[in-house]
Amino acid sequence: MERARRTGRAESLVVRLAVLAAIALLLVQGVLIGHVELSYDEAYYALWARWPQLGYLDHPPLVAWTIYASTALFGASEFGVRALFWLEGAAIVAMVAWIAWRLFDERTAAMAALLWVATPLVAAAPLATPDTPLVFFWTLGLVGLVEAFRGRQAAWGLVGAAAGAAALAKMTAGFLALGIGLSVAVIPSLRRQALGPWPWIAAALALAVASPFLIWNAEHGFATFFKQGARITPSAFAPRYLLEFCASQIALFNPVTAALALGPCASRAFWWAGRPRSQAGGSTDEPTRLLLATIAPALAYFLLHALHDRVQANWPAPLFPALIVLAARAIVQAPLRKMAYAAVALGVAVTGAAYLHLATAWPAFGPSDPFARIGGWRELSARVLSVAREQGAGYVLAHGYAATSLLTFYGPPTPEVVEAEEPERWTFRPPVATDGVGLAFGPAAFEEELARRYAHVEAIETLRRRVGDVELESYTLFRVEARRSPP
């Protein structure tokens, strides 16, 4: 009896910690997203949102649509750009707990929510990038699949809609479709459902939801498919990337959580090796098998890709919800609750240190700062556009998409900023005339390229991007005019 009471108190503590940690994370993130400047990519996607399209060269359109809706609701500030991504990140916590509860029990649900909050990757959830909508809809698709597994076949409609929306977020969603197909193949109850109409309705619904992006690509020579597909072409064998991939994912997952869950999860990964124990509702291993099946295709590809090229740290992000549920289950079954608290402490410490540095720029790491991509653009943009008006410039020619996007976001509406290279990136916006007097912004070496474009190029000022007292980069402003005719 006393042991049962102690267990009940421990379970209640986990639930309270999970709720409090999720609320605390939400509140801290809500403050930070309005305080920290946009990163390069966020400003680029915010520029997409000024001209909503059915597709873009780099990614599907959902990130731009989300920013468009978010700024319409919350204003065109840093907070406004990120607000809906912040709310999506908060909803993912609830969906992870729901999946764990429906597949296992309340203890696993509470532990999964707690471990999710302590996952360092989650610190980046409010950023306005394609990854948060991808993880949101991927996880929503898992919710539907779990409900279908539990016998609610109409939940296949949710699976299809969420999978289609995930495809509008990022092309990585193709692995979700493969994972769903594999889960149908290895779970007998889902195989039986495939004989009926619901899974096929889900496939048709996913295709319909994703069709705007597919139509746009068909009309533009499948530009996004070719750009993203270029990354998967094998090159020289380089297994060092596999070590880098494993290290980065363990760090982002939380090293203590990974260590606690690795053994139990690995022993269950080869579910076909043993004979499952049959119960009235099917195999007791089926929930684990379901989660492993949904992540297996993507994980196999990332491991293969890492043998010849770098896997960017954020690519496996949509696999983390299922992995967290598996880790929570392994910890609850062991039981390893005290070590789980150590994992939470480590995750909170890492995330807290990152947020403190973002908010205060302390401690100063100089140009080697891992967050050097963020900050200093508000003041820099004000000076660039002030000089442009002084020079009577009709446009600002920027070096690179990052500078173009950040100068546009933080500068006034006129003069307009246009990138000097990669015109294929900017088909979504009306063309900007670059005749007459203009201002060019870029590194000192930019002068050589400008001299090929303009008869008159004059360096007029050097600017430095600073965060606090730390100088991160220097740029040169050039006055340009008399555009040369193209050869």
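Phe-302 is buried in this predicted model, with a relative accessible area of 2%. Its aromatic partner is Phe-175, which counts as buried at 18% relative accessibility, because the limit for a buried residue is under 20%. The mean pLDDT of the protein chain is 90, and 93% of its residues reach 70 or more.

**Aromatic pairs**

- The whole structure contains 25 aromatic pairs.
- In one of them, the ring centres of Phe-136 and Phe-137 lie 4.9 Å apart with the planes at 90°, so this pair is edge-to-face.
- Phe-136 and Phe-137 are both buried.
- The pair of Phe-175 and Phe-302 is tilted, at 6.1 Å from centre to centre and 55° between the planes.
- This pair links distant parts of the chain, as Phe-175 belongs to helix H8 (residues 174-186) and Phe-302 to helix H14 (residues 286-305), 127 residues apart.
- One aromatic cluster is formed by Tyr-44, Tyr-45, Trp-48, Trp-51, Tyr-56, Tyr-401, Trp-426 and Phe-428.

**A buried threonine**

- Thr-139 is located in helix H6 (residues 131-149).
- Thr-139 has a relative accessible area of 0% and is therefore buried.
- Leaving aside residues up to four places away in sequence, Thr-139 touches Ile-92, Met-95, Ile-99 and Pro-321.

**The sheet**

- An open sheet is built from 5 strands in the order S4-S3-S5-S7-S6, with mixed pairing.
- Strand S4 (416-419) and strand S6 (454-467) are the edge strands, each pairing on one side only.
- On average, neighbouring strands of this sheet are turned by 25° against each other, direction ignored.
- S3 and S4 run parallel and are joined by 4 bridges; Tyr-395 has Glu-416 in S4 as its bridge partner.
- A right-handed β-α-β unit consists of S3, helix H18 (residues 401-410) and S4.
- S6 pairs with strand S7 (residues 470-483) in the antiparallel sense over 12 bridges, and Arg-464 stands opposite Ser-474 in S7.

**Helices across the sheet**

- Helix H17 (residues 377-390) lies across strand S3 (395-398), strand S5 (438-442), S6 and S7, and runs at about 155° to S6.
- Helix H19 (residues 446-453) likewise lies across S3, S5, S6 and S7, running at about 150° to S6.

**Confidence**

- Over residues 269-282, pLDDT stays under 50.
- For residues 269-282, the model has 13 contacts beyond four places in sequence.

Note on methods: Residues numbered from 1 in each chain as written. Predicted model: local features only at pLDDT ≥ 70, side-chain atom pairs only at ≥ 80, totals over all residues. Heavy atoms only, no water. Pairing = 2+ DSSP bridges. Helix = DSSP H or I, 4+ residues; strand = E, 2+ residues; numbered from the N terminus. Axes fitted to C-alpha atoms, helices over the stretch in contact; angles between N-to-C directions. Contact = heavy atoms within 4.5 Å. pLDDT = per-residue confidence, 0-100. Buried < 20%, exposed > 50% of the residue type's maximum accessible area, 1.4 Å probe, protein only. Right-handed = clockwise from strand over helix to strand, strands pointing away. Phe/Tyr/Trp six-rings, centres within 6.5 Å; stacked < 30°, edge-to-face > 60°.
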